[in-house]
Structure formats: structure tokens, C-alpha cells
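Hi,

Here is the structure I promised to pass on. Have a look, and my notes follow below.

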Amino acid sequence: GREGGGMVGRLLLVCLGLLEIVRGQHFQYGSVSFQQVGPNTIQFQVFTQWRRSYGTFSTFKGSGADGRAITGDVVDMFGVENSETGVANPVAFFAGDGTSYSLKMAVVEHSEEDDFLYGTSNVTHIYESPNDGDADWLPFLKGCCRESGGNFVVTARVNMLREQESLRIKGLPVMSYPLSAAPYDIPLPANTPSGVTGSLWRMGAGTEIGGATPPPAAAAYFSAAGSANGNITVHTSMLGVSRVPFTIMVASVGSVVPYDFIFAVHNEREIPTFFGLPLQTNLTSLLQDSIPTLEGYVGYPLLFTVSATTSRNATVLRDIRSFRLPDGAALENQRQGGDPNRGGSFMTVDFRWTPRPDQSGTHFVCFEATQQAHPP
């Protein structure tokens, strides 16, 4: 943004059209970010997504019409941790120095149709030192169960001598792509709240993936260029129609954050597509030809409209959403239009953001559009 000398910030937009989202077990997505807020003191922000209908009505109980949680509710983070002794404990966050915390989640996004709750949990922890000797602190979220089975371990790396603010993952909790003979080259963006971007991406391994069965090495990988720019190559022809847990580790100068999500492959071709400016989907590949870049100025509103449509008959656009907007940004004025019985349903939503002086860097925003049969 512009103030005094005129600081310029960049906003990079990534889009994805989805046919439908989650059905399955319990845990679907997790990431851990942090910021140093005092001497040896870290505030962690844990981002997770869960199946909303999991368990009995006492699980994720909230203020929805069906008795379950909705956006704005605060819920206990339910699940179990499978221990070697066979004792089942609640999902917990471990600081990496022997301290653990039970968590509550503030629900910031939900869908009854897609059966998920997405939210954040905050933990403030004081360490004895900036790092663990000559090594990093290894905080992690651990519990059970993934929708594909097995426990999850979502691990970050913290070293306050090297970095005081970590990246935030900007990718989606569930990435859904049509089955294709050609490989996809998919951006997995990340930036800090102040606009510093990631520098190295790799697949998770060993204890970083918990009990997940990772995709075959030839089916999903980072090339040399992809490791530096965050683009993962995925061969859906090797995965088939499936839902596979992916664990990605993203590094900046002095920290590492995890991105644990579901990669879903489906057979549907008539999925939502984005059109117009600044966000547009290539109708041949159902992907973007490039990531559009907008420039904004500190203290000046940045406004644009995101539009999506579907060619599928008897189908209506249900939602355009983003799970991780820049701090202070909002999506407003969602509108539906077109004739769903003629394959002409569309939806628009307005993006509004006035960057602060401490946000004059590069920020990614990912959007997804969802559709459903009409009438449902």
C-alpha cells in the first residue's frame, strides 16, 4: 500500500471449482502457524477442519437448527489420541517441550451440505529458551482419526533466534480435481501476515505424516522448480478416483509450517468455473492459465468481484468462499443469478480489503466455488 514513500502490496489470486466436498471420517485438514509475542513466548494458531456430523449430537454441539455447531460457535476439539498403552485421550496440542494443551475451536466456516466445520484454535506458550538447544522446537497437533483412517500428527518447527513470524498456508482444506491423463501443476501458496512468501516446499515424511498412507512418490511430488515456487505435480491417473491425505511442509527463512489436507479425485467434468476479471478458469483444463496479480496501496481499499458459473443442468452455484483471507479482508454481497434449468447458474461475491502499513508484501488468496443439484 501507499503511505509516505508509497509501499506497494501484491495480491495473488488462486481459484478452484469444486463439484462437492467432504464425506468421511473425522479429521480432514490441519495447519499450525505462530508469532512471537514476547520473550520466548509464542502464540500458536491452529487451523483445522472436521466432519460436522461426526459422533453423537453432543459432539460439536452448537447453535445450528440441527443442534450442531455453525459459524460463530466455539466448540471443544473432539477426537481421540491412540496411545501405546491403549488409553484414549482427547485431541491435544503439544508445545514440543513436554507441555500439552486441550483445545477449543472458534468456527469460522461451516457447511451442512458439505458436512464440515473449519476453525481456529489459539495457544500461547512460554518456552525456557528461543530454541531447543541447537535444534528447533517441534510443536504438533496429534489425535485420531483421519477420514481415511489412522492418526494425524501436524508438526511445525519454531526457532525464535531465526524467525519470529511463520507462514500461513493459503491453500484449501480439500483440493478436488477431475481425473485426467495429463498431470496437474498445482500451486500451494503460503505467506506470513506481513506478506513474506514461502521459500521451500517438500512432501512430509516419517513422523510428520502420522498414521496416514501417503500418495505414491511418482503420483505426487515437487520438481526442483516446484520446491522453490510451491507448485506440486499430481498425476491423478495414478491415484484414480480417491481421497488421499497429503502432508506438505513449507519453509521460510527460519521456520516450517505443515499443510495436511485431502486431495480428492473425481470423474465429474461439469464443475464450477470462474469467469471474468480478475479470476478466470481455462475451460479446457478447468485450471488457471496463470495466477493473476493485483497491486494495492496501504490505506486504500482494494475491491474486486469474483464470479463463477456452471454449465451443468438442474444445478445451482451454492457458494464462493475463501478459508484464509488477509487480516482485515472480507467477502461481501454474495449474489446468485441465471437459470439453473438451462445450465446457466452463476454467482458473484465482492472482495474488500484495506491493507495496513504492516501488510505491504505479497499475499495469496484462494477461492473455491461449489455447486449442488437444483432443487436440492
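Strands are DSSP runs of E, at least two residues long, and helices are runs of H or I of at least four, both numbered from the N terminus. On that basis the protein has 2 helices and 28 strands. Bear in mind that this is a predicted model, where local features need pLDDT of at least 70 and side-chain atom pairs 80 or more, while totals for chains, interfaces and linings use all residues. Numbering runs from 1 along each chain as its sequence is written, and side-chain values use heavy atoms, without hydrogens or water.

Now the largest pocket. A pocket here is an open set of points on a 1 Å grid over the protein atoms alone, where a 1.4 Å probe fits, with protein on both sides within 12 Å along at least five of seven lines; lining residues have an atom within 4 Å of a point. The largest one holds about 260 Å³, the volume being the space filled by probe spheres set on points joined across faces, edges and corners. It has 18 lining residues, with Val14, Asp185, Pro187, Gln288 and Ile291 closest to the centre. β1 (8–18), β14 (174–178), β15 (184–187) and β28 (362–373) each give at least two residues to the lining, and β1 has the largest share, with 3.

Elsewhere, Asp134 sits in the loop between β10 (116–126) and β11 (140–144).

Cheers
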